[in-house]
Amino acid sequence: MKKLRNIKIIIGLSTLFAVPGMLSCTDYLDKSAESTVSEEDAFEDFTSFQGFTEELYNCIVPFTNNYWTNSWNWGEDEITSTSVTYHFVNKIDEGNFWGWQSDYDGWHSGWMDQPDFTTANGRTAGGKNKDLWNAAWYGLRKVNIGLENIDQMTGTDEEIDLIKGQLLFFRGWFHFRLIQFFGGLPYINYVLPSDEELNLPRLSYRRCADLVAADLREAADLLPIDWDNTTAGKATLGDNDLRINKIMALGYLGKNYLWAASPLMNDADTSTVAPDGDDYNAEYCQKAAEAFAELLELVEGGQTQYALMDFSERSDNFYTTGQNWALPGGTEALFRGPYYFGNYTNWNTSKQYTPIIVGESSALFLPTANYVDYYGMANGLPINDDYDITEADAESGFDPNYPWKDRDPRFYTDIVYDGVKVVQGSTTDEANRYANLYTDGSYRSVSEGSRTGYYLRKFIPIECNKYDKGWDWGYSLNIYIPYMRLGDIYLMYAEAAAEGYGSPNGGASGFKTAVEAVNVIRNRAGVGEVASKFTGSLDAFMTELRRERAVELSFEGHRFNDLRRWKLLTESPYTLKKSVEFNRASELDPDIDPSENKVVNLSEEVLKTRSFDSKHYWLPLKTDDVSLYEGYGQNPGW
């Protein structure tokens, strides 16, 4: 087969002006890894056109382990980092949002921007160099080339719909990924000629969201629920899990509308400043609720391959072990990208959560005490109105002398707290078999251990330590967090339904109310349903819904954008990062459940208070790009 001529990828907004046809293609079906599609043959039939389209999947950045250690939790109050200062979460702490750019810190910019972007397969060293900024602009040009050549394809109606649906999805998805961080941008829906003067205005966020919605809606109408049930998909039967389908398109259609409806984005005139109001746009919330309801009705009606996983299998959303490198996510993961199965990145990702006292490197990312306080009680109630474990609340049943007792079941699966048995097998260090997380305990080293009094367990098995060696090759540990999972859909639906219809009991026609949707997730976790005191008003319900979202989606990379769109990023207590301080009332008893151990002198201390202003609601655009022409413009304050 003829080869497409080699090119140099031009990165940034100027990528959109690359000479037409200068795009590489990845292998598809039974083609060899070296196979490419010629410029003349790329759009000839389904197989060649799908070969052209496949490269777009390599523009989905594996943010979990795109770098040897990777930070994707940037939420105001969510997590803190120790021992190193180059992760973007540290830059955010200092208000240095320029740090997302590789121009400022090279490789340390992480998954947002890389200096040597490539769409090569992840099995090669260079194939790991993927990032949002470059992949989105590169992908948009490729999408539009494909759409402008769709009429050249000879194939069945099904084959044409599959190609067009994928291309439309990616056009909407790339734009959505960009605007949620940077605000309204030019919407690129045609191939820009290389000799055309660059003068594309930045659109309002809402106008961009409307165009994203149009592309995603059409994609949802064209695409099947499951490629395995199509004639074309039979060629890759059993390997179609990652291929773009109707459910993925509906999920992002709803998310796009909900983001556009949220307080930060709810401004019809401008996308580059935080609007003065704190209200949702009810119309767009209703559109979001309708899209989510359409998706969830298909799922609950048994018409899809998706379903909520049992709570005992919830960790499979994030990691698998002993399953021959099985991709995490199971039936709950709606959207993931291609991933290189191997131990190198998993080895490093797992170690960033392990204390050096029983690990092989310093723990890098630690849950803050104030964020852990969002994990309420097993009865479904928050610890108290202020989410502060230092204050007893008789109604909730929380006891500050037993702060780990009777908590939300997700607390025990997500968090390592004092007294938890860390080393499961033989060890030469019996004194540190159990987590000594009390004040001045051996797990509390400021530079190499936990500054906060907790460790994160959600994304790694407890055996990830130097004695049990849960990160070794033999465990076939695979870590990968999905971009979107079904649990998130239920909570986004609840938010859209409540705000769209003005009540916790509001809901899309014929589907669940907002309260009922939250309770689906609560029931899965085995935690009490939303209490009546939160269902009497919209404000009370939204407070509890935001806490539920913080717990269910903790540390999965949602918090930063949630706080931004809610216009809470600059507000206390979300600006605080705290540690928990306490002493054990007596020597640790290893024969009882660690949640039953009594503590005294419980308090919390502020480790960091972040100082932000309105400019921090949007990331700064690249200086080179905003200098291309007068109408593009930088975000205010940068």
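Mentor: In this predicted model, the second largest cavity has a volume of about 110 Å³. Its lining consists of 13 residues, and those nearest its centre are Tyr353, Val416, Val422, Ile460 and Ile462.

Trainee: What makes a space a cavity rather than a pocket?

Mentor: A 1.4 Å probe fits in a cavity but cannot get out, whereas a pocket is an open set of points. The space of about 110 Å³ is therefore listed as a cavity because the probe cannot get out of it.

Trainee: How do the residues of the lining of the second largest cavity divide by class?

Mentor: They comprise 11 nonpolar, one polar and one charged. Tyr353, Val416, Val422, Ile460 and Ile462 are in the lining, and they count as nonpolar because Tyr, Val and Ile belong to that class.

Trainee: How many cavities of 30 Å³ or more does a search of the whole structure find?

Mentor: The search returns five. The largest cavity holds about 250 Å³ of space. Among its 20 lining residues, Arg177, Glu556, Gly557, His558 and Asn561 are the closest to the centre. Two or more residues each come from α5 (157–182), α7 and α15, and α5 gives the largest share, with four. By class this lining has 11 nonpolar, four polar and five charged residues.

Trainee: What is known of the second largest pocket, and which residues are the closest to its centre?

Mentor: That pocket contains about 280 Å³ of space. It is lined by 17 residues, with Thr543, Arg546, Trp566, Leu568 and Tyr574 the closest to its centre. Helix α14 (residues 538–552) contributes the most to this lining, namely four residues. The lining is made up of nine nonpolar, two polar and six charged residues.

Trainee: Turning to the helices, why is α6 described as roughly antiparallel to α7?

Mentor: The axes of α6 (residues 205–222) and α7 (residues 246–261) come within 9 Å and cross at roughly 165°. Angles over 145 degrees count as roughly antiparallel, so α6 is roughly antiparallel to α7. The contact includes Ala209, Val212 and Leu216 of α6 and Leu250, Leu253 and Trp259 of α7. Its classes are 14 nonpolar, one polar and three charged residues. The crossing of α6 past α7 is left-handed.

Trainee: What makes α12 roughly antiparallel to α13?

Mentor: Here the axes of α12 (residues 486–501) and α13 (residues 514–525) come within 8 Å and cross at roughly 160°. That angle is set against the cut-off of 145 degrees, and therefore α12 is roughly antiparallel to α13. α12 passes α13 in a left-handed crossing.

Trainee: How do you know which residue of the contact of α12 with α13 is the one counted as polar?

Mentor: The contact is made by Gly487, Tyr490, Leu491, Tyr493, Ala494, Ala497 and Ala498 of α12 with Ala514, Ala517, Val518, Val520 and Ile521 of α13. The contact otherwise has 11 nonpolar residues and no charged ones.

Technical notes: Residues numbered from 1 in each chain as written. Predicted model: local features only at pLDDT ≥ 70, side-chain atom pairs only at ≥ 80, totals over all residues. Heavy atoms only, no water. Axes fitted to C-alpha atoms, helices over the stretch in contact; angles between N-to-C directions. Parallel < 35°, antiparallel > 145°, perpendicular 65-115°, else oblique. Left-handed = near helix turned anticlockwise from the far one by under 90°. Contact = heavy atoms within 4.5 Å. 1 Å grid on protein atoms, 1.4 Å probe; cavity = no way out; pocket = protein on both sides within 12 Å on 5 of 7 lines; lining within 4 Å. Points joined across faces, edges and corners; volume = space filled by probe spheres on them.
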